[in-house]
Amino acid sequence: MLAVGCSDGRLVIWDFLTRSIAKIICADWSPIYSLSWSRKSDLIATSSTSNTVCIWYTSTGRCRTRISCIQSPILKVQFHPRNPSYLLVCPMKHPPVLIDHNGKHTVVTIEDEPHDIISTFDRKGEHIILGNNRGLIVVKTFLELKTISSFRITTGTNANTVLRHIEIPRRGKIIC
């Protein structure tokens, strides 16, 4: 299956076996910016330019949860790789937020540098990796949010390297 967020607010799920569209969900009136599958593929989380995050049932196309973020657009949503009860939301110009199935919000910050942070789970979901627009990478434990490592990326000069996205490959231990 392949999920595509469209600029007209539709969420299209494509089936590779039948080579056809399996489902179209009218997710929002504004363009979908980011999406994430749950581990069992029974849920899809979407973020749109209307500053909302929705969690959809893939079987019925119904919205399970809708979260409005009045502050700013959402750059990225990501389900926890092992536990779909947790969702990591990265708003623009604000620190990431970890949301559990009860709706509890926990802000995930880098000490002394709370803004312009991008984040992702590692492949097993044991850690949250954060990066900022000054080249700082911080690794925190998943639930306790304790910092276990941090380092700065530089590019030969003393200038800071701006991080725009962090991607963890499924195999291997390299951060891209």
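**Notes on the model**

1. In the strand pairing, Arg10 stands opposite Cys26 in β3. This belongs to the pairing of β2 (residues 10–15) with β3, in which the two strands run antiparallel and are joined by 6 bridges; strands are DSSP runs of E with at least two residues, numbered from the N terminus, and two of them pair if DSSP finds at least two bridges between them.

2. As to the basis of these comments, this is a predicted model, in which local features need pLDDT of at least 70 and side-chain atom pairs count only at pLDDT 80 or more, whereas totals for chains, interfaces and linings use all residues. Residues are numbered from 1 along each chain as its sequence is written, and side-chain values use heavy atoms, with hydrogens and water left out.

3. The sheet that holds this pairing is open and has 3 strands in the order β1-β2-β3, with antiparallel pairing. Its edge strands are β1 (2–5) and β3 (20–26), each of which pairs on one side only. From one strand to the next the twist averages 20°, where axes are lines fitted to C-alpha atoms and angles run from 0 to 180 degrees between N-to-C directions.

4. Arg10 also takes part in a salt bridge with Asp8, their side chains meeting at 2.7 Å, N to O; the term requires a side-chain nitrogen of Lys or Arg within 4 Å of a carboxyl oxygen of Asp or Glu. By this rule the count comes to 1 salt bridge. Asp8 is found in the loop between β1 and β2.

5. How accessible is Asp8? Asp8 has a relative accessibility of 40% and counts as partly exposed, and Arg10, at 30%, is partly exposed too (buried means under 20% relative accessible area, exposed over 50%, partly exposed in between, with a 1.4 Å probe and protein chains only).

6. The largest pocket holds about 1,200 Å³ of space, a volume being the space filled by probe spheres set on the grid points, which are joined across faces, edges and corners. On a 1 Å grid over the protein atoms alone, a pocket is an open set of points where a 1.4 Å probe fits, with protein on both sides within 12 Å along at least five of seven lines, and lining residues have an atom within 4 Å of a point. The lining comprises 40 residues, of which Ser36, Lys76, Gln78, Thr120 and Glu167 lie nearest the centre. Elements giving two or more residues to this lining are β4 (32–37), β8 (74–79), β9 (87–91) and β12 (117–121).

Terms used:
Helix = DSSP H or I, 4+ residues; strand = E, 2+ residues; numbered from the N terminus.
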